[in-house]
Amino acid sequence: MDCPFCGKEMKEGLIPANNRLQWRDKIFTERVFLSSWTKEAKAFYCSDCRQIILPVPETEGVIDTLERRLSAVGDKIEAAREQWEARRDEAKDEKRKKNLGQKDPWEL
């Protein structure tokens, strides 16, 4: 990555984090997580400008994770319901055909 201040190549490295590394504004209304729990954050360092750049990783929040998992479970339940209905309809058809063969032809 090139330094946005001087244009020279930056060194890639890591910033260790014992807890989740985050940026917060001064009044604590907004925050951005820069690492996951007990992980390190990827960073770029320019030795000429003495600047560090921390790219914000694509992270999935708790609500997004739960929504994704619930959606997957809902899809599995729907697929199981469709299979069950198909088997139920097949069983009804077989029973109807079996009963049709046992009835008196004049009753039809």
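The structure holds zero disulfides, a disulfide being a pair of cysteine sulfur atoms within 2.5 Å. This is a predicted model, in which local features need pLDDT of at least 70 and side-chain atom pairs count only at pLDDT 80 or more, while totals for chains, interfaces and linings use all residues. Residues are numbered from 1 along each chain as its sequence is written, and side-chain values use heavy atoms, with hydrogens and water left out. Six salt bridges are counted, where a salt bridge is a side-chain nitrogen of Lys or Arg within 4 Å of a carboxyl oxygen of Asp or Glu.

**Confidence**

- The protein chain has a mean pLDDT of 85, and 88% of its residues reach 70 or more; pLDDT is the predictor's confidence in each residue, from 0 to 100.
- Confidence in the protein chain is highest in strand β5 (residues 51-53), at a mean of 94, and lowest in strand β3 (residues 31-33), at 81.
- Helices (H or I, at least four residues) and strands (E, at least two) are DSSP runs, numbered from the N terminus.

**Cysteines**

- The closest cysteine sulfur to that of Cys6 belongs to Cys49 and lies 3.5 Å away, which is too far for a bond.
- Cys6 is partly exposed, with a relative accessible area of 34%; buried means under 20% relative accessible area, exposed over 50%, and partly exposed in between (1.4 Å probe, protein chains only).
- Cys46 is likewise in no disulfide, and its nearest cysteine sulfur is that of Cys6, at 3.6 Å.
- With a relative accessible area of 1%, Cys46 is buried.

**Strands β1 and β4**

- Strands β1 and β4 run antiparallel and are joined by six bridges; two strands pair if DSSP finds at least two bridges between them.
- Pro16 has Glu40 in β4 as its bridge partner.
- Of the six residues of β1, zero are buried, so the strand lies largely in the open.
- A salt bridge also links the side chains of Lys42 and Glu12, at 3.7 Å from N to O.
- Because Lys42 lies in strand β4 (residues 40-46) and Glu12 in strand β1 (residues 11-16), this pair ties together parts that are 30 residues apart in sequence.
- Glu12 is exposed at 55% relative accessible area, whereas Lys42 is partly exposed at 42%.

- Side chains of opposite charge can pair when their charged atoms come close.
- Glu78 and Arg81 form a salt bridge, with their closest N and O atoms 2.3 Å apart.
- Both Glu78 and Arg81 lie in helix α1 (residues 62-102), and their spacing of three residues is about one turn of the helix.
- Arg81 also meets Glu85 in a salt bridge, at 2.6 Å from N to O.
- Arg81 and Glu85, both in helix α1, are four residues apart, again about one turn of the helix.
- Through shared partners, these salt bridges join Glu78, Arg81 and Glu85 into one network.
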